[in-house]
Amino acid sequence: MKSEPPKQNDWTKPAALAIPKGGFFKDKVEQGRYGPIFPKTPASYGFTIIAKIIPGREDAIREYGKKIEETIAGLPDALAVLKLHYLRWVLFDIGKDTYFMYQGIFDTDFDKYTEDAVALFSKYGLNTVFENLEGFPADWKTNPAAFVKFVREHHRPSFLEYGEYPYVSADEIKKALRVKASLAEMLDQMQ
């Protein structure tokens, strides 16, 4: 007996989704404020950009990573507004040039994530690691459309996304882990 494919809200069965070339399902393209919204997948929303770094900026990018680590250690909710699951940053060489790859998985659509990121950095007077990338707009804090344009131009859509616990938000995962910790504490007290 063949099993039914999992529904979008069914976290009990792993799910995979093959995404067409270009990153969108033609019959399901949803328009946002800045163009098509990347589809929600079993891994949630997200994007991957690959861009050449400004020569000599590799150390600045690595230092920025340390700054993020320190910020989160001191203020764990610093990026909470972004509803992130994961960020992954990679530097790699192609020939004599160094490139930066940014992968982000989050719970909001692309437009909201972008606007929230710009607002967050602007609110705290912070810069973004993207300022170390060739062609990144200098006016990004006051021009979210320029930020979006850069990201879209450098986005490399995935063609497969998989979720072991598909379509579950970061908040739902945290809630489940709090319930688990509470149950464990209760059981420990009963012994």
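Guide: The residue to start with is E161, placed in strand β7 (residues 160–163). Strands here are DSSP runs of E with at least two residues, helices are runs of H or I with at least four, and both are numbered from the N terminus. This is a predicted model, in which local features need pLDDT of at least 70 and side-chain atom pairs count only at pLDDT 80 or more, while totals for chains, interfaces and linings use all residues. Residues are numbered from 1 along each chain as its sequence is written, and side-chain values use heavy atoms, with hydrogens and water left out.

E161 is buried, a term for under 20% relative accessible area, with exposed meaning over 50% and partly exposed the range in between (1.4 Å probe, protein chains only). E161 has no salt bridge, and the nearest side chain of opposite charge, K40, is 11 Å away. Lys and Arg count as positive, Asp and Glu as negative, and His and the chain ends are not counted. A salt bridge requires a side-chain nitrogen of Lys or Arg within 4 Å of a carboxyl oxygen of Asp or Glu.

The side chain of E161 does make polar contacts: one with the side chain of T41 at 2.5 Å, and one with the side chain of S158, also 2.5 Å. A polar contact is a pair of N or O atoms within 3.5 Å; within protein, one must be able to donate a hydrogen and the other to accept it, and residues adjacent in sequence count only if both atoms are side-chain atoms. Leaving aside residues up to four places away in sequence, E161 touches A15, A16, L17, I19, T41, P42, A43 and S44, where contact means heavy atoms within 4.5 Å.

Next, the aromatic rings. The whole structure holds 19 aromatic pairs. Rings of Phe, Tyr and Trp (its six-membered ring) pair if their centres lie within 6.5 Å; planes under 30 degrees apart are stacked, over 60 edge-to-face, and the rest tilted. F106 and Y113 are stacked, at 3.9 Å centre to centre with 10° between the planes, and both residues are buried. W140 and F147 form a tilted pair, at 6.1 Å and 45°. W140 is buried at 1% relative accessible area, and F147 is buried at 6%. The ring of F38 has the charged end of R152 over it, 5.0 Å from its centre; this needs NZ of Lys or CZ of Arg within 6 Å of the ring centre and within 35 degrees of the ring normal.

D171 is partly exposed at 39%, as is K83 at 32%.

Within helix α2 (residues 110–123), K112 and D116 are four residues apart, about one helical turn, and their salt bridge is 2.9 Å, N to O. K112 is partly exposed at 39%, whereas D116 is buried at 14%. In helix α3 (residues 144–154), K149 and E153 have that spacing of four residues, with closest N and O atoms 2.7 Å apart. K149 is exposed at 52% and E153 partly exposed at 45%. Finally, K52, D97 and E134 are linked in a network of salt bridges.
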